[in-house]
Amino acid sequence: MNRTSTTLIGAVTALAALTGVAALAAPGEDATQTAAAGRRPVERSTLVCPQPSVSDVAETRYTAFAPKGGEGKGGAELYPAEKAETGGGADDGGKGDKDKGKGKGGKDKDDKGKGSKKGKDDKDKAADGKPEKKSEPKPFASLREPGKPVTAEASGTKSSALFGSAEGRFAPGWTVQQTTDVAVGAGRGIQGTACGVPDTDFWFPAASTDKDRQDYVHLTNPDDTSAVVDLNLYGKKGRVDSETAEGITVPPRSTVPVLLSTLTPEPVTNLAVHVVARAGRVGAQVQAVDEKLGGDWISSVADPAPSAVLPGIPGDATGVRLVVLAPGENDADLKVRLASPSGQIAPAGHETLHVRAGMTNAVDLKDLTKGQAGSLVLTPTDGGDDATPVVAALRVLRGEGSKQESGFIPATAPLTDRATAADNREKGSQLSLMAPGKSVRVRVTSSAGSEGGSPVGKTYTVKGKTTKSLAPPVPKGVKGGYAVTVERLSGGEVYASRTLEQKKGKVPAFTVQALPDDRGKVLVPHSGQDLSVLTGD
């Protein structure tokens, strides 16, 4: 191997350990050779939390947690992001303004969003013309001890988007949960989301610009350079043309909320949103606020794939709507199955679903679960490897009449190693574990509480093709909120989610967070691996 290849191995090894990028296998190298590389904990993780509801009656709780087992020292901190002006946001109570939000998202009226030289000079100079000394930003929340969560709170108009990083022993599995309690009005109930990893590509199949909905896509840039984002929109008739959805500038360390109804010429009930960062990277989440049905966050779904698993439909769901998009050039034909505690069944009248290329298809599955929590499983009817990839999400309703509450369940990636859900209470937390193939063994560990208590763990077996719903074990002497970590021990694939519920009068408020793998470890190439294919040698 020449010097170039040797140097590249060192660079890839360092990059993988630092950023969480998995090791690459050269053509012809099997999984055994790749596995010999070894798994190492990541050394740095970055998360982005969207701006929560700014309703005067909204209270937001943040819970940060890192499992034990990382290496080195380090720490984890979250900082407030500046809000770039887009219109139709906090100042008008979330109602939106059709003349606002149509511009390129980080560009305000005097174009400071472009980072003009004049704007920068004015900001950096004091009245005497001399450069001002910039003070170091203060963290909103800091995590100082792995294995024990910390909490922070914000209310109403004081809430902002957050971004931050964890390093050293805090990086593997670092998790932050954002839970907002809205007492009354549009979006009332619980709005919850796990703060996400910044990326360049996100899919949201269950958004809407219906007259009763006010959906915002929140774009937050954690980096020191601007990001440029395109929003590609799809409805039941195909691509929704919108000039104002392209070239949205997100300034450094800032957040841009975009009101989706300003981007579509007419209401689209079942809208799929594809967020693509053409420059830089962002965190992206969709906030769905309904005038009658409460609201929640729509998290990004797993990457397009021929099959999809949507875990954690509550047993008392009174309405389940499935929204599927086939983003490619081919139609998709899918089998629809509900994985219950006893096995898989086909919903009567909805055993299959045809989705036309580039279009969304939505189907109301009504009270699908009939009293038993379950998961929805979509697979191609032909079963071939070249089946059309799709993205999918569920809108779930609980309650009756004017006391209904809505939540969303995205198609998620499997939990291959470990995942954590923060902000669990003594009551109201429920895990859903789904094994689509072979049976699987998992260990569920509840951490110490944020104000005291001792961790406790328990092992469970999930039978193949079933969903197991369980309340996580409560830590001994727990005080405050706690985190729940799910580890896959052996067997087949497992998909997981956590439901957090809280009764608000007669409204069964709830929120569901999918639990894909936390990517706390990565494969690092072994010293003998030939990576010359990457250099063209």
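## Strand pairing around E17

In this predicted model, strand E13 (residues 227-235) pairs with E17 in the antiparallel sense, over seven bridges. Within this pairing, Val 228 stands opposite Ala 279 of E17.

E17, which spans residues 271-279, also pairs with strand E11 (residues 201-207). The sense is again antiparallel, and the pairing runs over five bridges. Here Phe 204 is the residue opposite Val 273 in E17.

## Salt bridges

The structure holds 16 salt bridges. One of them joins the side chains of Arg 213 and Asp 215, with an N to O distance of 2.7 Å. Both partners fall below the 20% cut-off for burial: Arg 213 is buried at a relative accessible area of 8%, and Asp 215 is buried at 1%.

Asp 223 and Arg 281 form another salt bridge, in which the closest N and O atoms are 2.8 Å apart. Asp 223 lies in the loop between strand E12 (213-221) and E13, while Arg 281 lies in the loop between E17 and strand E18 (283-290), so the pair ties together parts that are 58 residues apart in sequence. Asp 223 is partly exposed, with 22% relative accessibility, and Arg 281 is partly exposed as well, with 28%.

A further salt bridge links Lys 370 to Asp 367, the closest N and O atoms lying 3.2 Å apart. Lys 370 counts as exposed at 63% relative accessibility, whereas Asp 367 counts as partly exposed at 34%. Elsewhere, salt bridges with shared partners join Arg 61, Asp 423 and Arg 425 into one network.

## A patch of negative charge

On the surface, Asp 331, Asp 333, Asp 382 and Asp 386 gather in a patch of negative charge. Membership of such a patch requires over 30% relative accessible area and no salt bridge. Asp 333 has a relative accessible area of 40% and is therefore partly exposed. Asp 333 is found in strand E22, which covers residues 332-340.

Asp 215 is buried and meets Arg 213 in a salt bridge. Asp 223, in the loop between E12 and E13, is partly exposed and forms a salt bridge with Arg 281. Asp 333, by contrast, belongs to the negative patch, whose members have no salt bridge.

Note on methods
Residues are numbered from 1 along each chain as its sequence is written. This is a predicted model: local features need pLDDT of at least 70, side-chain atom pairs count only at pLDDT 80 or more; totals for chains, interfaces and linings use all residues. Side-chain values use heavy atoms; hydrogens and water are left out. Patches are made of residues with over 30% relative accessible area and no salt bridge: like charges are joined within 9 Å, nonpolar side chains (Val, Leu, Ile, Met, Phe, Trp, Tyr) within 5 Å. Accessible areas come from the Shrake-Rupley method with a 1.4 Å probe; for residues, only the protein chains shown count as cover. A salt bridge is a side-chain nitrogen of Lys or Arg within 4 Å of a carboxyl oxygen of Asp or Glu. Lys and Arg count as positive and Asp and Glu as negative; His and the chain ends are not counted. The place of a charge is taken as NZ of Lys, CZ of Arg, CG of Asp or CD of Glu. Helices (H or I, at least four residues) and strands (E, at least two) are DSSP runs, numbered from the N terminus. Buried means under 20% relative accessible area, exposed over 50%, partly exposed in between (1.4 Å probe, protein chains only). Two strands pair if DSSP finds at least two bridges between them.
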